[in-house]
Amino acid sequence: MKTNKKNFNFILGIGIIIFMVLFVFLGRILPLRDANAIDATLKFAPPSLKHPFGCDNFGREILSRVIQGSFSTFCIALGTVFIGTFFGIIIGALTGYFGGLVDEILMRINDAIFAFPSILLALLFISLLGPGTYQVVIALGIAFIPSFARIVRGEFLKNRNMDYVKCAKLLGASDLRIMVIHILPNTLKVLLNSVLIGFNNAVLAEASMSFLGIGVQPPDPSLGRMLSEAQGFLFKAPNYALFPGLAIILMVLGFGLLSDSFEK
Amino acid sequence: MNEILTVNDLKVQFNSRVGGLFGHTVTKEVLKGISFNIKEGEILGLVGESGSGKSTIAKAVLDLVPYTGQITMNDGIRASMIFQDPKGSLNPSKKVGSLLEEALYLSGEKDKDKRHDKALEMILTVGLREEHLNRYPGELSGGQRQRVCIGMALIPGPRLLIADEPVSALDVTIQAQILELLKNLQHTFGLSILFISHDLRVVYNFCDRLIILKSGIIVEEGVPAQVYSNPKADYTKELLSSI
Ligand SMILES: Nc1ncnc2c1ncn2[C@@H]1O[C@H](COP(=O)(O)OP(=O)(O)O)[C@@H](O)[C@H]1O
Ligand SMILES: [Mg+2]
């Protein structure tokens with residue numbers, strides 16, 4: 001890709017993410033109505049100056065709920081990617097660096113898990129853990145480990161036979177030191193890219209799970225939940241689905257553009 | 001003069017599997033019984049075409065590949081290596097300064113300030129400037145990178161330096177500069193050098209003695225002038241005629 005286009009993607013991506021972060025944090029500072037506060041007189045109130053995004057079927061403030069929902073979705077995605085990356089790095093580094101039988105076994109398990117779509121896998125974990133916000137983070141996090149492990153393993157495999165590693169070995173560096181201090185920094189560029197893509201997948205996966213009613217539990221909002229609740233009122237109150245949908249799109253677009261701009 | 005390294009009947013073979021599940025193992029003999037020695041303060045040239053087993057000798061001496069035969073290094077003597085490809089032997093994500101400081105740390109210098117001072121001293125020793133400490137390997141030229149590699153190799157205080165084709169990837173003018181640096185360092189630090197090359201021209205003025213390797217066997221040994229004027233092996237004649 002041309003550098004110009006990459007720069008453009010980078011700036012636009014960063015811009016969208018900064019906008020979303022400001023939106024969420026300003027929204028939490030400003031004295032808006034509580035996201036869960038019900039007011040029957042405001043049922044399906046259309047967007048106005050006082051209620052910029054309008055109100056939902058319970059007369060709850062959609063702006064507050066989109067802000068609160070974006071925040072939950074963001075945090076869930078962050079937690080998910082953190083779990084996936086953390087354990088992915090450990091597993092990938094050990095298997096890629098040492099190879100051998102442990103590698104064979106772990107990677108076959110990895111491949112078996114990887115063969116399932118991560119959302120299906122997460123559903124499986126949810127059926128064991130029960131629904132709820134933390135359960136979703138754990139389930140999605142575990143489901144994300146194999147893809148990160150695979151990427152990190154590939155990078156360690158590539159690096160472990162390079163002369164700079166032999167050089168460090170000759171100087172007496174321990175295996176742990178070689179893995180953490182010498183090889184890991186060289187995998188960060190590739191890792192950053194997959195973290196951003198993983199973040200996108202996590203946002204979408206959280207939205208799907210909440211849409212299915214097994215993520216964030218009512219009355220708390222999440223973007224997926226709101227979409228699911230808005231389903232019945234698409235014609236009556238299109239703003240109800242529009243704004244949470246827009247928030248998801250912006251989040252995914254922002255991180256997608258950013259990861260594009262980091263691609264080789 | 002004392003021998004610093006003695007190699008006796010060194011053999012190395014690599015096993016690799018061909019075919020999948022029902023395949024078999026093929027054994028490839030890379031070194032077929034090599035004997036030589038290096039004396040204190042001597043530069044020994046090791047010449048042979050690509051694939052003849054030169055790098056494998058270096059790796060065996062440093063215990064990086066399994067071998068049979070005897071490799072004896074005098075007690076307490078350390079050997080360092082300069083690798084063939086100066087691009088791959090420097091960690092691309094670390095600045096030259098931290099590469100040198102890491103080498104110092106691994107060689108037992110636990111004091112951070114002293115590491116910094118010694119890194120600066122070393123970068124000057126190999127003919128670079130202080131500002132180069134702040135560069136990434138990717139920002140240096142091939143010759144500068146090789147100087148950094150030499151600095152890294154000197155840090156543990158080796159008595160034997162194994163230089164595996166240290167100038168093969170460089171332009172002719174830069175080659176001469178690096179060879180001069182190596183020669184100076186050899187004098188200053190009293191090093192012995194095993195100098196590996198596939199090019200007889202490079203070795204001629206540089207080495208005290210040379211051995212010529214063909215397919216894992218030493219076919220010729222002697223001082224350069226004698227080898228050049230009166231080669232014994234047909235293979236050496238072949239090499240000389242191609243210059
Ligand atoms: N790890 C290895 N596994 C299998 N074969 C190897 C390995 N390392 C080197 N060889 C083989 O040994 C031979 C000699 O290699 P090398 O010592 O690198 O030659 P040179 O440095 O003289 O070019 C080559 O044929 C090479 O393919
Ligand atoms: Mg070689």
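A polar contact is a pair of N or O atoms within 3.5 Å. Keep that cut-off handy for the exercises below, and remember that you're working with a predicted model.

**Exercise 1. Find which residues of chain B make polar contacts with ligand 1 through Lys54, Ser55 and Thr56, and say which part of each residue is involved.**

Step 1: Start with B:Lys54. One of its polar backbone atoms sits 2.9 Å from an oxygen atom of ligand 1.

Step 2: Move on to B:Ser55. Here an N or O atom of the side chain is 2.8 Å from a ligand oxygen.

Step 3: Now B:Thr56, where a polar side-chain atom is 2.5 Å from an oxygen atom of ligand 1.

Step 4: On its own, ligand 1 has 560 Å² of accessible area, and the protein covers 63% of that.

**Exercise 2. Work out which element gives the largest share of the shell around ligand 1.**

Step 1: Pick out the elements of chain B that supply two or more residues: strand S2 (24–39) and helix H1 (54–61).

Step 2: H1(B) takes the largest share, with three residues.

Step 3: Sort the shell by class and you get two nonpolar, six polar and three charged residues. Among them are B:Phe14, B:Lys28 and B:Glu49.

Key. Residues are numbered from 1 along each chain as its sequence is written. Chains are lettered from A and ligands numbered from 1 in the order in which they are written. This is a predicted model: local features need pLDDT of at least 70, side-chain atom pairs count only at pLDDT 80 or more; totals for chains, interfaces and linings use all residues. Side-chain values use heavy atoms; hydrogens and water are left out. A residue is near a molecule or strand if one of its heavy atoms lies within 4 Å of it. A polar contact is a pair of N or O atoms within 3.5 Å; within protein, one must be able to donate a hydrogen and the other to accept it, and residues adjacent in sequence count only if both atoms are side-chain atoms. Accessible areas come from the Shrake-Rupley method with a 1.4 Å probe; for residues, only the protein chains shown count as cover. Helices (H or I, at least four residues) and strands (E, at least two) are DSSP runs, numbered from the N terminus. Ala, Val, Leu, Ile, Met, Phe, Trp, Tyr, Cys and Pro count as nonpolar, Asp, Glu, Lys and Arg as charged, and the others, Gly among them, as polar.
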